[in-house]
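Thanks for coming. I will go through one model today, chain by chain, and keep to what was computed from it.

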Amino acid sequence: MADVQKIEPDSVFAKAVKEGLLAGALAFGLFFLIVGFRTDQNIRNELVLNQRWGLLAIFVLVAGIGRFLLTAYITPWSEARSKNKRAAVEKEQSAFRKSFPKIGLGLLLIYPFLVILILWAYNGSIMGGLQGSLKYVDNFGIQILIYVMLAWGLNIVVGLAGLLDLGYVAFYAVGAYSYALLSTHFGLSFWLLLPMAGIFAALWGIMLGFPVLRLRGDYLAIVTLAFGEIIRLVLINWTVVTKGTFGISGIAKATLFGIPFTPGPTGFAALLGLPNSGVYYKIFLYYLILLLALLTAWVTIRLRRMPIGRAWEALREDEIACRSLGINTTTTKLTAFATGAMFGGFAGSFFAARQGFVSPESFVFLESAIILAIVVLGGMGSLVGIAIAAAVMIGGTELLRELEFLKRIFGPDFTPELYRMLLFGLAMIVVMVWKPRGFVGNREPSAFLHKRKMVSSEFTKEGHG
Amino acid sequence: MSEKQALLSVEGVETYYGNIRALSGVTVHADPGEIVALIGANGAGKSTLMMTIFGMPRARTGRVVFDGKDITQLPTHEIARLRIAQSPEGRRIFPRMTVQENLQMGASLDKLEYFDEDSRMVFDLFPRLKERINQRGGTLSGGEQQMLAIGRALMARPRLLLLDEPSLGLAPLIIKHIFEAIKELNKTTGLTVFLVEQNAFGALKLADRGYVMVNGIVTMSGSSAELLANPEVRAAYLEGGRH
Amino acid sequence: MVSEVQNNPTAILRVERLSMKFGGLIAINDLNFEAKRGAITALIGPNGAGKTTVFNCITGFYKPTEGMLTMTRQNGEEYLLERMADFVITKKAKVARTFQNIRLFSGLTVLENLLVAQHNPLMLSSGFTILGLLGFPTYKKAASDAIEKARFWLEKINLVERADDPAGDLPYGAQRRLEIARAMCTDPELLCLDEPAAGLNARESAELNKLLLDIRDETGTSILLIEHDMSVVMEISDHVVVLEYGTKISDGTPETVKNDPKVIAAYLGVEDEEVVELIEQAEAAGLDDITAAVDLLSTEALHEIEEAHPDMAPAALIPSAPATVRRARATTAKKPVVKSAADKTAAKPAASTVKSKPTTPTAKSPAAIKPGATANALAEPRGGKADKLIVIKGIGPVNERKLNQHGIFHFDQIAAWKKADIIAAEAYLAFDGRIAREDWIGQAKKLAKQSQVTPAPKKTGGAK
């Protein structure tokens with residue numbers, strides 16, 4: 001028995017070397033042609049073959065050494081760790097984890113000012129701080145929060161009700177175009193159109209819901225995917241209304257209780273006697289999307305404790321059992337679709353107000369896939385997990401643009417953004433191997449008799465459609 | 001010990017689900033041509049032991065030896081190729097395949113010439129399946145699915161047959177038939193059977209030997225008659241109605 | 001309960017000319033039966049006989065090819081189930097069901113499972129979510145009531161401690177009980193159970209018997225049940241319907257069905273042969289009391305359950321008992337309400353003796369004391385009420401019946417037995433040595449003394 005249980009350290013090392021060499025060889029075989037050679041056109045328009053042995057060597061070394069380290073050190077270490085963990089009694093959640101949502105919320109509330117303060121200190125001037133913060137508030141803050149909100153909206157459909165929706169971006173588009181069209185044609189204000197966009201999207205959600213209710217699983221996914229594409233193709237081809245691929249530009253900006261964020265004398269900056277800057281609008285937008293996202297979260301949390309929210313989750317667990325308990329699964333699914341779509345619509349109208357320009361380009365399938373990926377990575381049903389996933393995924397891709405040092409390694413032609421999707425996919429694989437149920441797989445029960453205990457992810461189901 | 005000649009021996013096996021230990025130091029064995037019953041309350045780990053023999057989940061410590069070969073680390077499909085067949089918990093038939101196709105899936109891959117003979121044997125045992133031969137597995141009733149699961153396991157011409165609650169959801173008459181058939185197969189072909197049952201009385205009646213499992217530990221073992229006579233066993237598993 | 005529904009006093013569910021065809025396959029063929037109100041009706045038959053299909057037709061999961069399913073509610077409303085959607089049947093016609101392969105919401109906690117079952121009333125009180133979302137107090141009240149109701153059922157099924165654990169984490173037997181409790185949370189008038197005892201061991205199925213009898217007696221819910229476990233079917237059901245190939249082959253009380261040659265041939269098999277086999281085996285093992293063990297089974301388990309859960313109080317003691325409980329109590333006030341299976345089985349033979357006396361006086365009295373009876377046999381119990389002989393360890397319902405037939409009704413009778421009486425009793429009980437070994441006389445003496453100290457016969461549950 002002993003020979004089975006104990007593996008000698010030597011053999012681990014030998015095994016690691018073997019596997020490392022194998023991984024290196026595999027990487028060499030795989031990248032030999034792809035990375036090792038590159039065809040370029042020279043000045044005379046001739047095709048020349050460049051050899052990139054250095055780069056190839058880096059790839060092979062990373063694969064080989066990585067595999068070696070994994071086998072020799074990381075796997076034994078993690079096994080030992082999990083063994084120790086098993087011995088220890090399940091601990092209470094740490095104080096940090098418990099209060100994480102509060103800390104996170106506090107940080108989000110002060111984020112723009114924090115950025116301005118830091119940059120002010122860094123640049124030494126207030127204007128420098130303001131202008132410099134533009135990028136961080138807009139590209140990081142707002143961009144991430146839009147995806148957080150979209151993912152939280154989709155979470156109602158996918159995470160709670162267990163209906164796999166691959167066309168969620170359609171509702172985002174409906175929201176964006178209803179704001180864009182109604183505002184440019186009728187001059188209606190953002191605050192009126194925001195709820196209307198939500199209602200329109202919810203209606204579209206119900207319209208989509210009706211025909212697809214009988215479908216489950218793969219079939220539902222395909223139909224929702226098609227629905228997303230149909231909406232996009234309509235936007236492209238119905239040129240009379242949507243101006244097709246040109247998109248709609250010059251969409252009115254949102255106002256703060258009627259105060260516009262324009263440089264004029266009635267503008268926000270002038271009224272408050274602040275120096276002129278575009279950053280106020282961005283900060284305003286930041287708080288607006290933060291508010292909308294928090295609204296989504298609040299509604300989700302409240303709904304989960306309502307009978308309807310519980311019915312959604314029950315629907316995800318077992319539809320037939322739901323029906324046997326007298327629950328009308330048709331209306332339950334429709335409400336899930338409509339509620340999810342509504343938040344998509346809100347986010348859409350916000351998007352239109354932020355960009356001032358909408359075109360079908362923004363509503364491609366890839367967007368649906370990214371939103372869904374965030375929901376899955378975050379752990380279906382978990383708001384905190386999804387927020388973290390959105391920050392990592394969207395923030396990560398934004399960060400790639402900032403990584404100048406990569407050019408020094410891979411040469412000046414290297415554009416990290418091009419590798420965005422590759423890294424995105426890689427990150428997904430890593431997370432799914434490491435935590436198959438997403439960052440926060442545990443589910444918080446909606447009611448309790450004695451003590452609220454988290455439900456381990458091994459019991460929850462993903463739903464069948 | 002009888003380790004040398006035992007067909008299956010499970011030695012000090014511990015199995016975990018995540019961090020929860022389901023089996024702790026389980027040692028059982030089955031000699032060739034024996035029927036061994038494993039009884040115990042729901043959740044005691046009986047089915048886990050069945051699945052551990054099949055490598056799903058794998059035993060974390062200890063080993064499983066089949067016919068002198070250590071199969072603890074073998075992948076499940078290779079374990080099955082050693083002609084160990086199982087009628088698992090929850091039936092696990094192929095719902096979209098017909099009864100015939102399900103049986104074909106169970107048939108041993110290297111001995112195709114026996115297919116007709118074996119399927120005849122299964123249909124003799126369960127005439128109901130013959131009536132339903134072209135029906136999809138998923139449309140069978142619960143009890144018929146159970147018959148199909150047992151039939152599929154028998155199609156593999158197993159040397160060791162693992163049955164997880166074969167009587168579940170079956171009519172009393174059918175249970176009697178199945179138990180008789182197992183006995184018959186055991187007598188004529190020397191088939192070794194390892195059996196998990198909730199119906200402890202029936203199982204011990206059928207088996208030569210039995211084990212009692214409580215909370216992942218084998219607490220008692222002995223010949224069926226001994227166990228049947230044991231007041232503790234009787235108090236815990238036999239009373240409350242025979243079947 | 002009779003007075004409330006004049007037009008149809010007894011049947012809660014009438015199945016008439018029910019047929020179900022799947023393509024060319026006939027699953028049910030022209031089936032007729034009735035389920036009586038306040039009774040447990042068992043549906044048995046070989047595998048594939050169409051039992052679950054009948055259930056699926058009743059609960060709306062299948063639309064029958066032909067036939068009529070009439071559900072009559074307590075308030076007299078009639079519903080034609082074959083015309084209703086599945087979830088409407090639960091909601092309006094108050095039919096709840098469980099599934100053969102347990103269908104719990106495994107990722108929801110035990111409590112949440114029971115709350116989901118109360119979806120419809122909660123949905124109303126939350127103003128279809130809108131009022132609830134805005135925090136109206138009506139919903140808060142309803143939500144806490146729902147939790148109380150869930151707690152009531154959790155106490156009934158002994159799962160209060162595990163209320164906050166995921167349902168998928170429960171052991172199999174507990175999952176079965178939870179599924180029944182979940183169905184009961186929809187306030188059904190007819191509860192359809194599909195093989196509730198499948199995969200349960202002897203003790204758990206004895207517990208299940210008690211739970212089902214409690215449900216019937218305390219909430220007045222009628223039960224329709226598919227089961228292969230004869231210890232469940234024969235002990236608790238009031239009425240048994242036997243199906244084979246989608247057709248009814250027998251219909252009647254458990255006693256008649258059990259002895260129906262058609263049922264034995266198609267379904268049960270020959271019982272005696274098994275017993276003979278058993279005795280042979282026991283003898284081979286040097287064991288002479290295997291029959292005693294067999295007979296012991298049911299009684300002992302029941303005693304144990306009562307010992308283990310003395311707190312399984314009748315619903316009336318729990319303030320939050322659902323309204324249906326009280327309603328049911330009022331309707332069943334006339335007949336003695338039995339508290340547990342043990343009392344029930346004890347009361348049955350006694351009651352039947354008393355009742356049948358006026359109708360067949362000649363047949364009863366001479367036949368009551370069968371030849372070979374003991375010296376102190378009585379023609380009938382003193383004061384018309386027999387002692388619960390099954391309290392004596394070693395006497396099961398079967399033996400009690402035999403003893404009653406031979407004129408033994410009271411503890412003091414057994415206590416007074418002489419050697420000759422023991423031999424006589426063992427002759428008709430068909431086992432030797434057991435009365436002495438298990439000290440029936442000693443037990444009976446103790447019990448007889450107890451009943452003298454407390455002159456009023458112990459009548460559990462009668463107070464209600």
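I will start with conventions and confidence, then take chains A, B and C in turn.

This is a predicted model, in which local features need pLDDT of at least 70, side-chain atom pairs count only at pLDDT 80 or more, and totals for chains, interfaces and linings use all residues. Residues are numbered from 1 along each chain as its sequence is written, while chains are lettered from A and ligands numbered from 1 in the order in which they are written.

Confidence, then. pLDDT is the predictor's confidence in each residue, on a scale from 0 to 100. Chain A has a mean pLDDT of 81, with 88% of its residues at 70 or more. For chain B the average is 85, and 94% of the residues score at least 70.

Where in chain A is confidence lowest? It is in helix α1 (residues 2–5) of chain A, with a mean of 40, whereas helix α14 (residues 329–355) of chain A has the highest, at 91. Helices here are DSSP runs of H or I with at least four residues, strands are runs of E with at least two, and both are numbered from the N terminus. Over residues 1–8 of chain A, pLDDT stays under 50, and the model has eight contacts beyond four places in sequence for them. Residues 86–91 of chain A also stay under 50, with one such contact. A contact means that two C-beta atoms, placed from the backbone, lie within 7 Å. As a reading rule, where pLDDT is low, the predicted coordinates should not be read in detail.

Now chain A as a whole. It has 18 helices and four strands. The domain assignment gives domain 1 (12–73) and domain 2 (100–402); such bounds come from an automatic or database domain assignment. The centres of these two domains of chain A, taken over C-alpha atoms, are separated by 41 Å. Of contacts in chain A between residues at least 6 apart in sequence, 73% join residues at least 24 apart.

Of the 465 residues of chain A, 39% count as buried. The cut-offs are 20 or more other C-beta atoms within 10 Å of a residue's own for buried, 12 or fewer for exposed, and partly exposed in between, with C-beta atoms placed from the backbone. Helix α12 (residues 307–317) of chain A is mostly covered, with eleven of its eleven residues buried. Among them are Arg310(A), Trp312(A), Glu313(A) and Arg316(A).

One helix pair in chain A deserves a slide. The axes of helix α6 (residues 169–186) and helix α8 (residues 217–237) of chain A come within 8 Å and cross at roughly 30 degrees. Axes are lines fitted to C-alpha atoms, for helices over the stretch in contact, and angles run from 0 to 180 degrees between N-to-C directions. α6(A) and α8(A) are therefore roughly parallel, the class for angles under 35 degrees, with over 145 roughly antiparallel, 65 to 115 roughly perpendicular and the rest oblique. On the α6(A) side, Val169(A), Ala170(A), Ala173(A), Val174(A) and Tyr177(A) meet Phe227(A), Gly228(A), Ile231(A), Arg232(A) and Leu235(A) of α8(A). These residues divide into eight nonpolar, one polar and one charged. Ala, Val, Leu, Ile, Met, Phe, Trp, Tyr, Cys and Pro count as nonpolar, Asp, Glu, Lys and Arg as charged, and the others, Gly among them, as polar.

On to chain B. It is divided into domain 1 (1–83 + 159–243) and domain 2 (96–158), and their C-alpha centres lie 23 Å apart. 15 residues of domain 1 of chain B are in contact with ten residues of domain 2 of chain B. On the domain 1 side, α7(B) gives the most, with four residues. That side holds eleven nonpolar, two polar and two charged residues.

Why does Val196(B) count as buried? Because 24 other C-beta atoms lie within 10 Å. Val196(B) sits in strand β8 (residues 192–197) of chain B. Not counting residues up to four places away in sequence, its contacts include Leu38(B), Met50(B) and Leu163(B).

Last, chain C. It has 21 helices and ten strands, and buried residues make up 50% of its 464 residues. Helix α1 (residues 51–58) of chain C is mostly covered: eight of its eight residues are buried, including Lys51(C), Phe55(C) and Asn56(C). Just after α1(C), Gly60(C) takes a positive phi of about 85 degrees.
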